[in-house]
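Hi everyone, thanks for having me. Please have a look at the sequence and the structure, and then I'll walk you through a few parts of it.

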Amino acid sequence: MRARKIATAVATSATLMAGMAVTGQASAGVTGDAGTDGPARFHHRTLNWHGCKTGPNDETGGALDAAGAQCAEVTVPLDYRRPQGRSITVAISRIKATDPAKRRGVLLINPGGPGGSGLQRALLGKFMPAVAARYDLIGMDPRFVGRSTPIHCRWMTDTPTRSAGPTRRTFNESVALMKELAAGCVQGNRDLLPYATTRNTARDMDVIRAALGEPKLSYLGYSYGTYLGAVYTQMFGARADRVVLDSAVDPDVYGPDLLSGNGPAITAALKHWASWAAAHDAEYGLGATEAEVLATVERVNQAATRRPLRVGEYRIDAHHVPYLLFIRLYDDRAEAYAGFAAEVQVLADAARGDAVTVPASLKETLDGLFTGSGAAEDRAGTPILCADRAASRDLETYFRDIQAHRAGEPLFEPMTRNISPCAFWPATPVEAPTTIGNDAPMLIVGADGDPVTPNPGQRAMHRALAGSRMITLRGAFRHGAYLAAGNACVDATVNRYLVDGVLPDGDTTCDKDSAPARRR
């Protein structure tokens, strides 16, 4: 996932018709039956490979072309229960293996979200040259994302993630906004919404595998992409080859309420950053101790609760502050922490009533938050979440939950437990949730201080996938471990698995300082 897109996600499944591409809840080694008609006809189409750039302003396409990539569109059914009906297209990119003599197959890469565009992920080969030598790297815009028959939600924001704020009145403001956002996704998309499921994306992946002429599909998925990968192994176990799941979500919690248990992990990450900021008090003036920095953050939040902060042309209130803090905690590198400290410095000045100069990074975030400019990943992701699993439509359920947890974590619980557009969604899920539980061999990777997909959820995915091994990046407060953390221990272990097929003998830990892997 793009890191900030985990705020909502889900899964669904039901008994399907005989001609469908899956059986439903397949165990490892059992492949869904594509049938002799129906979806099977989509497995035998010739792909029309072409350049990736669509116009002079297409930076992603230009970068792919410069790297020697090719792009194509794969035709898939809108509704796999009715494969003779309407079809849509899924855009993919490919960079061929750099060592054809040692080529193993294809590796499809998903960045998460849900709703994250993945075409550009084919470019990751420069960061993992040994893997790129063995695999054709495949990027994909999942259905209804980017170039794949996109759903356009008409929003004046790039994310539905908000805090419920301190009172019933501010909760009611959230309710009104989420209802408005749900309505904004309906316009022009009503006939697509029921089919924006993770299970359908997994089916699309298997059509892509077949269209590429491959008997098996290897896979690297981050964040939400770990759930997508787990669903694929559940539905198409015999067709899954080497699978890496980085920053895994809890498969039982995954849904519109996915963040509901994240409050403690977010707070721990905030404290880790506060310790760093305290060590750099001479530069940022946020406090000389962790407690003093956290007190500065609390003053910002309280000031925004009393009266919106004037930051550039925008007014930041209690709905926004927890979100602005949360999205800066995905990365624990010093450079990221420094940028976060500079933004908090601006907010602290605004809380005192000072006129402030807005850093470019904060302005970009606020532009997206208040105008909807920039990437549309949350807007594409919300339909996926709402199609995967139904959310409660009882407003009091949300408010009672927020109130019950507010005292224990007043800053983040009103955000992680807030209502979402799924509470007002016009379409109900067409399938029941996928039960994840198989013994397919794969590798799970994650940081123990991840505030987005916390370590308990990573371990829940590990338990559900009984054949998996797990690498824990210890002492890291970040989202994304393989390649993203620059950790030699993690990268070497994942590369060894993808290149040589060697899983660790048991679960291992890697220290943040890149010490050798240790078996637990």
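Let's begin with a definition: a disulfide here is a pair of cysteine sulfur atoms within 2.5 Å. Before we look for them, two notes on the model. This is a predicted model, where local features need pLDDT of at least 70 and side-chain atom pairs count only at pLDDT 80 or more, while totals for chains, interfaces and linings use all residues. Residues are numbered from 1 along each chain as its sequence is written, and side-chain values use heavy atoms, with hydrogens and water left out.

So, how many disulfides does a search of the whole structure find? The search finds four. If you number the bonded cysteines of the protein chain in sequence order, they pair as 1-2, 3-4, 5-6 and 7-8.

The link is right-handed, with 105° about the S-S bond. C52 sits in the segment before α1 (59-66) and C71 in strand β1 (residues 70-77), so this pair ties together parts that are 19 residues apart in sequence. A word on the names: helices (H or I, at least four residues) and strands (E, at least two) are DSSP runs, numbered from the N terminus.

Are these two cysteines buried or exposed? Buried means under 20% relative accessible area, exposed means over 50%, and partly exposed is in between, using a 1.4 Å probe and protein chains only. C52 has a relative accessible area of 1%, so it is buried, and C71 is buried too, at 2%.

Next come C386 and C422, another disulfide, with sulfur atoms 2.1 Å apart. This link is left-handed, at -85° about the S-S bond. It connects distant parts of the chain: C386 is in helix α12 (residues 377-388), C422 is in the loop between α14 (413-416) and β9 (442-447), and they are 36 residues apart. Both C386 and C422 are buried.

Then we have C489 joined to C510, with an S to S distance of 1.9 Å. Why is this disulfide called left-handed? The torsion about the S-S bond of C489 and C510 is about -60°, so it gets that name. C489 belongs to helix α16 (residues 488-500) and C510 to strand β11 (residues 508-511), 21 residues apart. C489 is buried at 7% relative accessible area, and C510 is buried at 0%.

Now let's turn to a helix. Helix α13 (residues 395-406) has 12 residues and reaches 17 Å from its first C-alpha to its last, close to the expected 16 Å. That expected span is 1.5 Å times one less than the number of residues.

Which residues of α13 are buried? They are Y398, F399, I402 and R406. These residues cover an arc of only 95° around the axis, which puts them on the same side of α13; the arc is that of the directions from the helix axis to the C-beta atoms. On the other side of α13, R400 and A404 are exposed. Among the elements covering the buried residues are α3 (168-186) and α14, where contact means heavy atoms within 4.5 Å.

On to aromatic rings. Rings of Phe, Tyr and Trp (its six-membered ring) pair if their centres lie within 6.5 Å; planes under 30 degrees apart count as stacked, over 60 as edge-to-face and the rest as tilted. By this rule there are nine aromatic pairs. One of them is F171 with F399, a tilted pair, 5.2 Å centre to centre and 45° between the planes. F171 lies in helix α3 and F399 in helix α13, 228 residues apart, and both F171 and F399 are buried.

What about Y314 and F370? Their ring centres are 5.0 Å apart and their planes at 15°, so the pair is stacked. Y314 is in strand β8 (residues 314-316) and F370 in helix α11 (residues 360-371), 56 residues apart. Y314 counts as buried at 11% relative accessibility, whereas F370 is partly exposed at 24%. Ring pairs also link Y224, Y227 and Y254 into a cluster.

Let's finish with L181, which lies in helix α3. At 2% relative accessibility, L181 counts as buried. Leaving aside neighbours within four places in sequence, L181 is in contact with W155, T157, P160 and P421.
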